[in-house]
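Have a look at the model first.

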Amino acid sequence: MSDSGAPAAARVVVGVSGSLGSLTALCRAADEARRRSAELWPVLAWEPPGGELAARRTPASYVLLDEWQRLARRNLLTALDHAFGHAGPGVPMRALVARGTAGRALVESADRDNDLLVVGAGRRSSWHRLCSCSVSRYCLAHAVCPVLAVPPSPLEAELTSAHRRNLWRLRLDTRRLAETAEETVPPDA
């Protein structure tokens, strides 16, 4: 006989997409799960290309649903491998692949008062904020549990800057690299 009045185990639910921001949030969520002695629930949400409406309109999409689900599962496993390697997160984990929008899937997964929902809060331009829905803002507005918005890693800004420089074919400023190397390399090396 089970005791239905027993409190549910604490969970840390985290959104995973494979982006640098989501990997930063995943590592922070694993730290929070260790700190709280909670179970880690990484969630990757996916939608058919073109959205649910487009998938309902074309009969070919029903054939591809299993393939899209398999790709989402593979992307989640790849992200977990990038974040933790073979060692794992060090806490009990239950990885989920959910069909639907990311915000809704995360809010529905973190449906208990004692859950913690962890999302990446990427830096976005004013244009992006105006034109697209932010998963972190959706979660902050609709979640029934506390939400931790993790800022992006400083390396993400460096990577974006390098990508922009390469895109515009701008030259690399090597003076800054030389200064950084002098600071990090010991003189006797």
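Predicted model: local features only at pLDDT ≥ 70, side-chain atom pairs only at ≥ 80, totals over all residues.

Residues are numbered from 1 along each chain as its sequence is written, and side-chain values use heavy atoms, with hydrogens and water left out.

- Seven salt bridges turn up, each being a side-chain nitrogen of Lys or Arg within 4 Å of a carboxyl oxygen of Asp or Glu.
- One of them joins Asp 115 to Arg 11, at 2.5 Å from N to O.
- That pair links distant parts of the chain, 104 residues apart: Asp 115 is in the loop between helix H4 (102-109) and strand S4 (116-120), and Arg 11 is in strand S1.
- Helices (H or I, at least four residues) and strands (E, at least two) are DSSP runs, numbered from the N terminus.
- Asp 115 and Arg 11 are both buried (under 20% relative accessible area; exposed is over 50%, partly exposed in between, with a 1.4 Å probe and protein chains only).

- Salt bridges link Arg 28, Glu 32, Arg 35 and Arg 36 in a network.
- Glu 32 pairs with Arg 28 at 3.4 Å and with Arg 36 at 3.3 Å.
- Glu 32 is buried at 7%, while Arg 36 is partly exposed at 44%.

**The nonpolar patch**
- Leu 167, Trp 168 and Leu 170 make a nonpolar surface patch of about 410 Å² (residues with over 30% relative accessible area and no salt bridge, nonpolar side chains joined within 5 Å), with areas from the Shrake-Rupley method.
- Trp 168 is exposed at 63%.

How values were computed
Patch = residues over 30% accessible without salt bridge, like charges linked within 9 Å, V, L, I, M, F, W, Y side chains within 5 Å. Areas by Shrake-Rupley, 256 points an atom, 1.4 Å probe, with all protein chains shown as cover.
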